[in-house]
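These notebook entries record what I looked up in one structure. I set them down in the order in which I consulted the coordinates.

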Amino acid sequence: MHIHSAMTQPNQDQENGLGQHSNLYLRLQQSATIRANIQNISQLLNTGLTPEALDICVKLLEAGVHPQALAEVVTQIRREMAVIEADGQ
């Protein structure tokens, strides 16, 4: 499956009409407690995501990006960055 097509396909909730919720990303930005908890979970899972990167991921998920596709893209970018960094040394 091509990465772009996977990322633009609606997820199951959107297909069922459940994706019509009141802008969770806006609430996430407004709630320091929720953001701190999500960041703590991210750290426990050793994702290596910065708070800014995590916010971007949440925004992408809210926009309908498929979670598995997003995870695969983040993993692919990390692999490519490791190769670039190794070539630069």
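**Entry on Leu 54.** I located Leu 54 in helix H5; helices (H or I, at least four residues) and strands (E, at least two) are DSSP runs, numbered from the N terminus. The model is predicted, so local features need pLDDT of at least 70 and side-chain atom pairs count only at pLDDT 80 or more, while totals for chains, interfaces and linings use all residues. Residues are numbered from 1 along each chain as its sequence is written, and side-chain values use heavy atoms, with hydrogens and water left out.

Is Leu 54 buried or exposed? I found Leu 54 buried, with a relative accessible area of 11%; buried means under 20%, exposed over 50%, and partly exposed in between (1.4 Å probe, protein chains only). Leaving aside residues up to four places away in sequence, Leu 54 touches Ile 38, Gln 39, Ser 42 and Leu 49, where contact means heavy atoms within 4.5 Å. Gln 39 is 15 residues from Leu 54 in sequence, and their C-alpha atoms are 7.4 Å apart.

**Entry on the largest pocket.** I then looked up the largest pocket and noted about 300 Å³ of space in it. Of its 15 lining residues, those closest to the centre are Thr 47, Leu 49, Leu 54, Cys 57 and Leu 70. A pocket is an open set of points on a 1 Å grid over the protein atoms alone where a 1.4 Å probe fits, with protein on both sides within 12 Å along at least five of seven lines; lining residues have an atom within 4 Å of a point. The volume is the space filled by probe spheres set on the points, which are joined across faces, edges and corners. Helices H4, H5 and H6 each supply at least two lining residues, and H6 gives the largest share, with 5.

**Entry on the salt bridge.** Which side chains meet in a salt bridge? I found Arg 35 and Asp 55, at 2.4 Å from N to O. Arg 35 lies in helix H4 and Asp 55 in helix H5, 20 residues apart, and the pair links distant parts of the chain. The count comes to 1 salt bridge by the rule that a side-chain nitrogen of Lys or Arg lies within 4 Å of a carboxyl oxygen of Asp or Glu. Asp 55 is buried, at 11% relative accessible area, whereas Arg 35 is partly exposed at 28%.

**Entry on Leu 61.** Leu 61 is also placed in helix H5. I recorded Leu 61 as partly exposed, with a relative accessible area of 32%. Beyond residues up to four places away in sequence, Leu 61 touches His 66, Pro 67 and Leu 70.

**Entry on Asn 46.** I checked the loop between helix H4 (32-44) and helix H5 (51-62), where Asn 46 lies. Asn 46 is not a glycine, yet has a positive phi of about 55 degrees. Most residues other than glycine have a negative phi. Asn 46 counts as exposed, at 67% relative accessibility.

**Entry on the whole protein.** I counted 6 helices and 0 strands. Of the 89 residues, 20% count as buried. Among contacts between residues at least 6 apart in sequence, 60% join residues at least 24 apart.
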